[in-house]
Amino acid sequence: MAKWGMVIDLDKCTGCQACTVACGMENNRLPGENWQDVLFYHEGEFPSGTLKWFPRPCMHCENPSCAEVCPTRATYKTEDGFVLIDWNKCIGCKYCMIACPYGVRFYTDEKAQIQPDIKQVFKSDGKRSWNPPWRAPDNRDDWQHGVGIQPIGVVSKCTFCYHRVSKAPKGTADLDPKNPALREFTPACVLTCAPSARYFGDLSNPHSEVSKLIASKRGVRLRDHTGNKPQVYYLTGGAAGTIPTDRRGKKA
Amino acid sequence: MSNNAISLNPQTSVINALSLVGIAGTVLSLALVFMNMIDERHASFNTTSDGIVWGLPVATYVFFVLTSTGLTFVASFGMVFGIKEFLPLAKRCIWLAFATLVAGFTALAFELGHPFRMLWALPTSFQIVSPMNWMGVLYLAYVVFLLLKFQKIHAGDWDSSASKKLGIASFIAVTLAHATLGSVFGMMAMRPFWFDGLMPVYFLLTALLSGIAFAVLMTYIAYGGRREAMPEPLQNLLKGTTPTLYASMPVVFSTVLGVTLVALAARTVTGVWSHQDGFQAFDWMVSSPWFAIEAIGMVVAFFLMVSPRTRSEVGVQLLSSALVLLGLFIGRYEFVIGGQVVPVFKGNWVLDFIEYTPSLTEWMLLVLPLSLCLAIYAVGEKKLQLGAMPER
């Protein structure tokens, strides 16, 4: 059984946000509510301040605190490493959003972040919380795995493009977007990444590219002290894209 | 009702007024909540995925269910631990515990995305590692035991083996339920403001104080603020003229309030002193004027209740219980929101705290449970002889 994971090389990431856009197209994200986001920030102060950025999908943790707190097992970890939400079982208590150390979960019924409220433009069909004409065909909806446009009253998140990756041939070590035979199984953000900063493969296979990169370039995990053990690793030499240091304390 | 129980009627006019306020408040707030939520659902809340996820309705829920727990504790003084001086309050406390529990779960029901789905998804999934799951199971057990116990004493059965066992079962169920609610917050390692293995103990302590203050306030309201209208054992309990001083309300009230103040102070001072990331929430907490109201109110109440000169006076007890309840409510709000004001993952680019002001719908979800609680209480006071006690 594969253990899917991602490596993001921050020295290659240009912060172009194509990943965010591709994810939005693939998964019908609401404007401003990005399952995959690139966070921009600055470190230091004038005149030595620098602009930084940080791409952030769901970490699909080995020990997902979101799954442990979910009272109805709506959030669950699959054998092959995905952390998913069953929209048929989610009661919308939002405990998972409290427990996620990375802030990558989204509740459906909230004020629109960007006007006009696109949910009001393409109103709900009674099943989905909104119903854009460009959405994927009905038969691709898979609520048990949190794929599609979410219904009302539930939490949603990045699925590692479960609808693509889960169909990959058994034994695949890497979903390399350069391999035409594997492109349809590769997550949208990986596929679209222009500087090829994203790698996706089987973390349990020591010969996979992701495993080799983590070993040879010292892949690190975000907020590893929480014990969640993300399956998304970052490579960083400290160029533009970097892992944010802890927030400057107000008391400093 | 059996012959060995006496009952004394509280002020009918006050109870009538309470039921009117309760019903009017329920109807009005329910109408506003429905008007706002029917179209917008939770978009009528000011909660956001990248901001405050659990808002005022969760704080309201915590306040009411904590008060319910405390009321059961007060009822248990007499019925489980045999401190007979507290028996005059027992029946009223059990009914109030039920009313506050309904109030708490009403707030929660409107906060959940799918409250009805919860009814089948919780038992069929049964996530044993989720504290929230256990909270649901234990609260269900609690409400069943509580109602059965009430039914027993309403039938005049205070002392039978079955009645005693139900009292003990309610006490154990609510202790565990409430401790689990503490764990819902206390187990969140990623939120340092909450993360504390002793959070269940802290919750139980503040619950007890909440229950005591609520019992005192509602008992006085029931009798129109006139202690002389109360049955003698109840007067003695509130006045502190019981045969043993420690088994009187002023002493128990001031002791529990004192211990709670120590716990609150310890938690606050540690939080403000420490440089732990996430503890900036304590700075947020103490810089709010609401914190000053909470702290000053509770300290004033403590000094009023601890002084032998003032603690037996009706006005002092009414004021103290009101100040304590206000302080505890502010405390619940600070607690629930404080765990979220420092973003868990925003890095250096968010230097400030997340801003949150409850929306009208969220405020109505405070008015609704409060009104419902008053209405349920008034019904009990009118129909169920809540002042009854065993004639011993």
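Which residue of chain B forms a salt bridge with Lys94(A)? The partner is Glu111(B), and the closest N and O atoms of the pair are 3.1 Å apart. A salt bridge is taken here as a side-chain nitrogen of Lys or Arg within 4 Å of a carboxyl oxygen of Asp or Glu.

The model is predicted, so that local features need pLDDT of at least 70 and side-chain atom pairs count only at pLDDT 80 or more, whereas totals for chains, interfaces and linings use all residues. Residues are numbered from 1 along each chain as its sequence is written, chains are lettered from A and ligands numbered from 1 in the order in which they are written, and side-chain values use heavy atoms, with hydrogens and water left out.

The interface of the two chains is described next. The size of an interface is often given as the accessible area lost when the parts come together. Chain B and chain A bury about 4600 Å² between them, and 54% of this area lies on carbon and sulfur atoms. Buried area is the accessible area (1.4 Å probe) that two parts lose on being put together, summed over both. Chain B contributes 58 residues to the contact and chain A contributes 51 residues, where contact means heavy atoms within 4.5 Å. Two salt bridges are found across the interface, along with 25 residue pairs in polar contact (both at pLDDT 80 or more). A polar contact is a pair of N or O atoms within 3.5 Å; within protein, one must be able to donate a hydrogen and the other to accept it, and residues adjacent in sequence count only if both atoms are side-chain atoms. On the side of chain B that touches chain A, at least two residues each are supplied by H4, H5, helix H6 (161-186), helix H9 (249-273) and helix H10 (280-286) of chain B. The largest share of that side, six residues, comes from H4(B). Helices (H or I, at least four residues) and strands (E, at least two) are DSSP runs, numbered from the N terminus.

Glu111(B) and Lys94(A) meet in a salt bridge at 3.1 Å between the closest N and O atoms. Glu111(B) lies in helix H3 (residues 87-111) of chain B and Lys94(A) in the loop between strand E5 (83-85) and helix H3 (95-99) of chain A, so the pair joins two chains. Both Glu111(B) and Lys94(A) are buried; buried means under 20% relative accessible area, exposed over 50%, and partly exposed in between (1.4 Å probe, protein chains only).

Over all chains, 17 salt bridges are found. In one of them the side chains of Arg140(A) and Glu26(A) meet at 3.8 Å, N to O. This pair links distant parts of the chain, 114 residues apart: Arg140(A) is in the loop between H4 and strand E7 (155-157) of chain A, and Glu26(A) is in helix H1 of chain A. Arg140(A) is partly exposed, at 33% relative accessible area, whereas Glu26(A) is buried at 16%. A salt bridge also joins the side chains of Asp125(A) and Arg128(A) (2.7 Å, N to O). Asp125(A) is partly exposed at 37%, while Arg128(A) is buried at 2%. Both residues belong to a network of salt bridges that also includes Lys127(A), Arg135(A), Asp138(A) and Asp141(A).

Two buried residues of chain B were examined for their surroundings. His178(B) lies in helix H6 of chain B and is buried, with a relative accessible area of 0%. Its side chain makes a polar contact with the side chain of Thr69(B) at 2.7 Å. Leaving aside neighbours within four places in sequence, the residues in contact with His178(B) include Val65(B), Tyr139(B) and Phe203(B). Ile15(B), in helix H1 (residues 12-40) of chain B, is buried at 2% relative accessibility. Ile15(B) and Tyr377(B) are 362 residues apart in sequence, yet their C-alpha atoms are 8.8 Å apart in space.

Several backbone features occur in chain A. The peptide bond from Gln115(A) to Pro116(A) is cis, with omega near 0°, and Pro116(A) is found in the loop between strand E6 (105-107) and helix H4 (118-121) of chain A. Gln17(A), which is not a glycine, has a positive phi of about 70°. Gln17(A) is in the loop between strand E1 (4-9) and helix H1 (18-27) of chain A.
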